[in-house]
Protein chains: 2
Amino acid sequence: MPVNLTTPVAAELLSVSGVSLGIAEAGIKRAGRKDVLVIKLEDGATVAGVFTTNRFCAAPVTVAKEHLAVGKGIRALVVNTGNANAGTGEQGLEAARRTCAELAKLLGCDAQQVLPYSTGVIMEPLPVDKIVAGLPQAVANLKTDNWFDAAHAIMTTDIVAKAVSKQVQIGGKTVTVTGISKGSGMIHPNMATMLGYIATDAAIDQPLLQQMVREAADKSFNCITVDGDTSTNDALMLIATGKSGARIGAAERAAMQAVVTEVATVLAQAIVRDGEGATKFMSIKVEGGKDEAECRKIGYAIAHSPLVKTAFFASDPNLGRILAAIGYAGVGDLDVAKLKLYLDDVLVAEHGGRAASYREEDGARVMQQSDITIRVELNRGTAHVTLWTCDFSYDYVKINASYRS
Amino acid sequence: MPVNLTTPVAAELLSVSGVSLGIAEAGIKRAGRKDVLVIKLEDGATVAGVFTTNRFCAAPVTVAKEHLAVGKGIRALVVNTGNANAGTGEQGLEAARRTCAELAKLLGCDAQQVLPYSTGVIMEPLPVDKIVAGLPQAVANLKTDNWFDAAHAIMTTDIVAKAVSKQVQIGGKTVTVTGISKGSGMIHPNMATMLGYIATDAAIDQPLLQQMVREAADKSFNCITVDGDTSTNDALMLIATGKSGARIGAAERAAMQAVVTEVATVLAQAIVRDGEGATKFMSIKVEGGKDEAECRKIGYAIAHSPLVKTAFFASDPNLGRILAAIGYAGVGDLDVAKLKLYLDDVLVAEHGGRAASYREEDGARVMQQSDITIRVELNRGTAHVTLWTCDFSYDYVKINASYRS
């Protein structure tokens with residue numbers, strides 16, 4: 001069950017002028033499931049994105065990067081669920097290109113102005129005929145107030161849809177930012193995570209937009225993990241339509257970045273809260289490091305440890321497992337006698353061992369919570385990171401032992 | 001249940017002249033469980049070892065390394081289960097030193113001639129008084145034909161004891177090698193694994209012995225993983241008593257190394273076969289790499305992926321997950337179009353996607369087996385590695401969610 005996460009309220013999701021969304025049931029997944037989403041952009045929108053670093057990156061990732069590089073101006077994005085179109089070789093690239101071409105025909109633009117995305121099972125041929133047959137239904141459904149349904153259409157093993165809107169005043173104009181994401185397993189983004197789409201009606205030139213999506217990803221999707229598996233299909237896209245009349249330059253950058261990063265963070269955390277089989281949401285803060293890289297190493301060692309994750313599932317303060325993970329994180333000159341480990345506000349370990357003040361009942365009390373902060377104070381510098389992860393339960397095994405059946 | 005692994009036959013475990021073993025019930029674990037082992041060596045034995053690289057290494061690891069460095073000649077090793085004496089700070093070091101001192105008194109040697117080892121829960125104070133009180137019982141029990149009981153005395157979550165003997169003719173003399181190991185979870189050795197002790201009656205000078213234990217570890221214990229968690233207490237020790245009269249020099253090295261590595265490999269594989277919750281044993285061969293480091297990266301990415309491990313638990317040939325793991329292993333210039341993936345003798349993927357000849361029923365047939373080989377042919381060099389791991393089941397979660405209770 002999702003941890004402190006509920007379905008977004010449809011009425012709280014704000015339209016972004018210049019963006020319309022349409023969904024379809026193309027029959028890729030079982031009957032009655034929406035599995036195709038088209039996002040149509042008005043002329044003049046800028047689009048930037050970050051993608052998976054997985055060498056087996058999916059065909060749509062390759063094609064989306066190609067089309068972005070062409071620079072003709074993006075007019076539409078198309079997403080299918082139920083099949084990742086990854087590990088599909090040349091045939092997969094052709095299928096992704098054909099999807100773009102067919103949608104371009106319907107919208108009256110060039111195939112290179114369409115970006116494709118897929119998510120689902122790896123190494124199965126994409127049922128491209130079904131997707132193509134579903135495109136007219138999605139185009140007929142295009143409307144600006146369709147973010148709620150769009151968030152549902154991109155779900156795979158997600159239990160809860162992920163969407164959020166924020167508004168900010170910039171240069172006297174109201175700027176809206178609305179985003180959706182999907183993801184629950186195979187989550188350890190190394191660029192972005194499964195799929196995330198954020199749109200704003202601010203006007204942002206493409207080079208700046210690219211910097212902003214990179215920074216937002218680094219502080220949100222690149223700080224989460226469910227199972228340490230980096231997907232073949234990760235993509236986070238940022239769209240700026242300019243329709244609000246607010247133009248973002250150097251002076252407005254900080255305010256705009258803050259709201260984009262905030263939306264990305266809500267969406268990224270939602271993926272962890274809806275992590276496969278999750279019963280607990282853990283924030284892992286590693287502070288006082290020499291650099292951010294070593295803080296990330298230690299944070300991810302804790303976040304990926306099956307022993308730590310199963311102890312949290314059991315609400316068992318078997319916290320020595322966290323020390324072991326810190327120890328094997330690969331920080332060669334780490335002095336373990338200097339660090340402190342906290343569970344929420346409870347000091348657990350210092351001087352290389354259990355803190356004299358630590359009482360098992362204090363650890364047990366915090367472990368009962370559904371939201372828990374693990375904080376490691378390294379005391380060797382000023383760098384810090386915060387990562388988010390979930391626990392490891394019977395249901396994670398159940399979900400992943402039966403995903404295809 | 002252990003995968004194709006049965007309890008060793010006591011009569012097949014050969015004594016090693018110059019080594020006697022004694023066990024005790026010291027009450028660290030629940031009543032009726034042997035939890036202390038003393039290994040006594042006759043004067044003149046050489047001892048070498050490799051230890052965990054975990055920065056939170058346990059107090060006994062620190063003390064064992066100190067005592068080995070003193071170079072007075074090791075006369076005894078002492079092992080307790082039920083408590084790892086890791087994450088225990090100064091108090092833990094004192095407890096380990098006191099254990100050595102007390103055993104030295106009983107045996108009439110120096111404390112620095114005793115090496116301590118611990119395994120069990122992390123960050124709990126070592127019940128050193130109980131261990132000290134149990135030492136006379138262990139010393140009274142010392143005998144050369146006690147390897148079977150010794151293998152049982154060092155078990156923690158292990159279901160099956162791990163022990164093996166081999167003999168080899170060297171220079172006209174019969175040389176015996178007998179080893180024991182323990183381990184089932186927190187297994188991703190980065191030096192050695194949990195605890196392994198191998199003894200031979202060959203005569204081997206300490207510097208050569210150190211080279212030999214390193215090489216054996218690199219080809220055995222350093223090629224296994226259960227859950228990717230590198231323990232705080234890993235140690236693999238190699239003891240040479242010289243009692244057979246066979247002296248190992250440059251000419252005899254290869255033959256001796258082969259049998260030591262063979263014994264180490266049997267013991268290491270036994271740990272994976274008895275991995276927590278294991279139902280399948282997987283050999284992962286990565287071949288045709290530019291260097292061994294990249295082969296290991298790819299092999300461990302597969303071996304650690306919870307998605308791959310749960311698919312094997314389910315006997316589900318959802319083999320795209322293996323491609324995804326290869327892709328995120330961190331080999332930046334990997335050309336995925338060049339590699340081939342095999343499951344036993346079945347070609348699964350080539351040219352960046354599913355092989356044209358691949359049939360789901362062939363994958364499903366192999367997935368039903370309890371011993372399975374995953375082979376990745378990278379086609380970019382001559383380096384290769386073989387790693388061993390197990391699947392990820394409900395029982396892994398169950399065991400680790402209830403380990404302390």
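Good morning. In this predicted model, local features need pLDDT of at least 70, side-chain atom pairs count only at pLDDT 80 or more, and totals for chains, interfaces and linings use all residues. Residues are numbered from 1 along each chain as its sequence is written, while chains are lettered from A and ligands numbered from 1 in the order in which they are written.

I begin with confidence. For the complex, the predictor gives an ipTM of 0.78 and a pTM of 0.81.

Next, please look at helix α9 of chain A, residues 320-327. Helices here are DSSP runs of H or I with at least four residues, strands are runs of E with at least two, and both are numbered from the N terminus. Eight of the eight residues of α9(A) are buried, a term for residues with 20 or more other C-beta atoms, placed from the backbone, within 10 Å of their own. Among them are A:Arg321, A:Ile322 and A:Leu323. What covers these residues includes α7, α8, β12, β13 and β15 of chain A, together with β5 of chain B.

How many residues does each chain bring to the contact? Chain B gives 56 residues and chain A gives 56 residues, where contact requires C-beta atoms, placed from the backbone, within 7 Å. On the side of chain B, α9(B) provides the largest share, seven residues. That side has 26 nonpolar, 23 polar and seven charged residues. Here Ala, Val, Leu, Ile, Met, Phe, Trp, Tyr, Cys and Pro count as nonpolar, Asp, Glu, Lys and Arg as charged, and the others, Gly among them, as polar.

Finally, I turn to two helix pairs within chain B. The axes of α1 (residues 59-70) and α2 (residues 89-107) come within 8 Å and cross at roughly 55°; axes are lines fitted to C-alpha atoms, for helices over the stretch in contact, and angles run from 0 to 180 degrees between N-to-C directions. α1(B) and α2(B) are therefore oblique to each other, since angles under 35 degrees count as roughly parallel, over 145 as roughly antiparallel, 65 to 115 as roughly perpendicular and the rest as oblique. Residues of α1(B) that meet α2(B) include B:Ala59 and B:Pro60.

Helices α5 (residues 206-219) and α6 (residues 253-273) of chain B pack at about 45°, with their axes 9 Å apart. That makes α5(B) oblique to α6(B). Their contact has six nonpolar, three polar and two charged residues. Thank you.

Note on methods:
Two residues are in contact if their C-beta atoms, placed from the backbone, lie within 7 Å. A residue is buried if 20 or more other C-beta atoms lie within 10 Å of its own, exposed if 12 or fewer, and partly exposed in between; C-beta atoms are placed from the backbone.
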